[in-house]
Amino acid sequence: NGTAIVNTSSIVKARGFQGKTPVKIYIKGSRITKIESLPNQETPAVFARAEELYKKFIGKTVDEASTMKVDGVSGATYSSKAILQNVKGGLKYYKENKK
């Protein structure tokens with residue numbers, strides 16, 4: 001349906017407190033429509049708080065989201081940083097490889 005999906009599992013090496021925190025980024029018409037977490041070893045309750053960061057990117061263009069300055073979530077610092085690195089890395093990959 002014209003949606004590109006970027007899976008950061010093998011393209012971003014960002015780590016949270018317990019390990020890698022890959023995401024899937026859904027992009028349609030150069031806008032981010034959805035971001036979802038892939039399996040990881042983070043503490044579920046802490047990681048769920050960090051996942052709130054996804055909302056800041058939804059609806060933004062890839063270019064807008066790539067340059068956004070987003071603060072991490074207090075109490076979920078490692079997970080927040082890893083999520084932000086995954087999103088930014090996934091968007092960079094998308095921009096370099098889109099057809």
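Predicted model: local features only at pLDDT ≥ 70, side-chain atom pairs only at ≥ 80, totals over all residues.
Reader: What is the order of the strands in the open sheet?

Author: Strands of a sheet pair through backbone hydrogen bonds, either parallel or antiparallel. Here three strands form an open sheet in the order β1-β2-β3 with antiparallel pairing, where pairing requires at least two DSSP bridges between two strands. Because β1 (3–7) and β3 (31–37) are at the edges with a single partner strand each, one side of each has no neighbour in the sheet. From one strand to the next, the twist averages 20 degrees. Five bridges join β1 to β2 (residues 23–28), and K28 in β2 is the bridge partner of T3.

Reader: How many aromatic pairs does the structure hold?

Author: A pair of aromatic rings is described by the distance of the centres and the angle of the planes. This structure holds one such pair (rings of Phe, Tyr and Trp, its six-membered ring, with centres within 6.5 Å; planes under 30 degrees apart are stacked, over 60 edge-to-face, the rest tilted). F17 and Y78 form this tilted pair, at 5.2 Å centre to centre and with 50 degrees between the planes. F17 lies in the loop between β1 and β2 and Y78 in helix α4, so the pair ties together parts 61 residues apart in sequence. Both F17 and Y78 are exposed (over 50% relative accessible area; buried is under 20%, partly exposed in between, with a 1.4 Å probe and protein chains only).

Reader: Which residues have the most contacts inside the largest nonpolar core?

Author: A nonpolar core is a set of buried Ala, Val, Leu, Ile, Met, Phe, Trp, Tyr and Cys residues joined through side-chain atoms within 4.5 Å. The largest one here has 21 residues, and I25, I27, I32, I35, F57, I83 and L91 have the most contacts inside it. At least two residues each come from β2, β3, α1, α2 (54–57), α3 (62–67) and α4, and the largest share, five residues, is from α4.

Reader: Is A50 buried or exposed?

Author: A50, in helix α1 (residues 44–50), is buried at 0% relative accessible area. Setting aside residues up to four places away in sequence, A50 touches V73, A76, S79, S80 and I83. T21, in the loop between β1 and β2, is likewise buried, at 1%, and beyond its neighbours within four places its contacts include F47, A82, I83 and N86.

Reader: What is the phi of S30?

Author: Most residues other than glycine have a negative phi, and most peptide bonds are trans. S30 has a positive phi near 65 degrees; S30 sits in the loop between β2 and β3 and is partly exposed, at 32% relative accessibility.

Methods
Residues numbered from 1 in each chain as written. Heavy atoms only, no water. Helix = DSSP H or I, 4+ residues; strand = E, 2+ residues; numbered from the N terminus. Axes fitted to C-alpha atoms, helices over the stretch in contact; angles between N-to-C directions. Contact = heavy atoms within 4.5 Å.
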